[in-house]
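Colleague: Could you take me closely through one part of this model, the open sheet and the residues that belong to it?

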Amino acid sequence: MVATNFIDGVTNVAVTEPLGQFLAPDPSVVHMWFDDFDSYVSGNWTVTETQAGATQAIVDGDGGILALVNSAADNDVNQIQWAKETFRLAANKKTWIKARFKVTSATESDVLVGLYITDTSPVASKPSDGFYFQKLDGSTSLTFQIGKDSTYTQTTVGTMADDTYVTVGAYFDGAGRVELYFNGTRVASSVTTNLCDDEDLAVSIAVQQGDTNAQTLSVDYLLIAKQR
């Protein structure tokens with residue numbers, strides 16, 4: 001396959017805008033948070049651990065991998081949240097999430113990845129507001145959660161397997177519809193009436209132990225973007 005070369009540039013804004021003659025798309029049209037996890041700086045995150053043996057670290061692996069490791073005690077939590085709540089969803093603004101991750105046991109663990117309000121016990125007491133993927137202990141079913149003021153819409157996205165990566169995505173079209181993706185395929189499309197548009201949300205990743213065997217949540221990358 002031969003690349004198409006736009007030697008005069010390509011843009012996503014009107015010619016009359018400040019970057020109308022810029023040779024690449026204007027990155028400021030979205031607020032984007034993306035981490036490929038080639039590095040991890042603990043000071044950028046608020047870390048919640050309910051055990052002494054929990055770790056958060058980059059591990060060997062192609063593409064950059066962040067591993068959240070629990071100790072071997074039931075219901076232990078290992079969570080990182082961006083130190084500040086930097087996203088607020090809006091009814092007229094498109095929003096995207098894409099992530100790739102896996103967990104050691106697809107049954108004996110709780111997993112949360114996405115955006116939700118600052119919360120140190122997101123499994124025991126569900127975050128009041130959020131826009132995130134979740135897998136609960138005792139189930140391999142992965143769902144997408146959209147919540148405002150503790151009222152949630154839940155949609156099944158797919159099924160996880162032990163120590164097997166999944167690639168997931170969510171797209172809010174700014175007009176009330178959310179489309180969900182699992183391993184590259186659109187699996188659901190629905191209207192939401194409880195989009196959290198009155199609270200700032202934090203980028204969040206969490207794993208909670210479901211039995212007495214240590215669990216590891218491995219995150220290859222996480223992207224969250226919102227139209228300005």
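Modeller: Ile146 stands opposite Thr153 in strand 10, and in this predicted model strand 10 pairs with strand 9, residues 141–148, in the antiparallel sense over eight bridges. Both strands belong to an open sheet of seven strands, whose order is 2-5-14-7-8-9-10 with antiparallel pairing. Strand 2 (45–49) and strand 10 (151–159) stand at the edges with a single partner strand each, so one side of each is left without a neighbour in the sheet. On average, and with direction ignored, neighbouring strands of this sheet are turned by 15 degrees against each other.

Strand 7, residues 109–116, includes Ser109, which counts as buried because its relative accessibility is 0%, where the cut-off is under 20%. Leaving aside neighbours within four places in sequence, Ser109 is in contact with Val103, Lys135, Leu136, Asp137, Gln208, Gly210 and Gln215. Between Ser109 and Ala206, which are 97 residues apart in sequence, the C-alpha to C-alpha distance is 10 Å.

As for aromatic pairs, the count comes to ten. In one of them, the ring centres of Trp45 and Trp82 are 4.9 Å apart and the planes stand at 90 degrees, so the pair is edge-to-face. Because Trp45 lies in strand 2 and Trp82 in strand 5 (residues 77–82), this pair ties together parts that are 37 residues apart in sequence. Trp45 counts as buried at 7% relative accessibility, whereas Trp82, at 22%, counts as partly exposed.

Key
Residues numbered from 1 in each chain as written. Predicted model: local features only at pLDDT ≥ 70, side-chain atom pairs only at ≥ 80, totals over all residues. Heavy atoms only, no water. Helix = DSSP H or I, 4+ residues; strand = E, 2+ residues; numbered from the N terminus. Buried < 20%, exposed > 50% of the residue type's maximum accessible area, 1.4 Å probe, protein only. Contact = heavy atoms within 4.5 Å. Pairing = 2+ DSSP bridges. Axes fitted to C-alpha atoms, helices over the stretch in contact; angles between N-to-C directions. Phe/Tyr/Trp six-rings, centres within 6.5 Å; stacked < 30°, edge-to-face > 60°.
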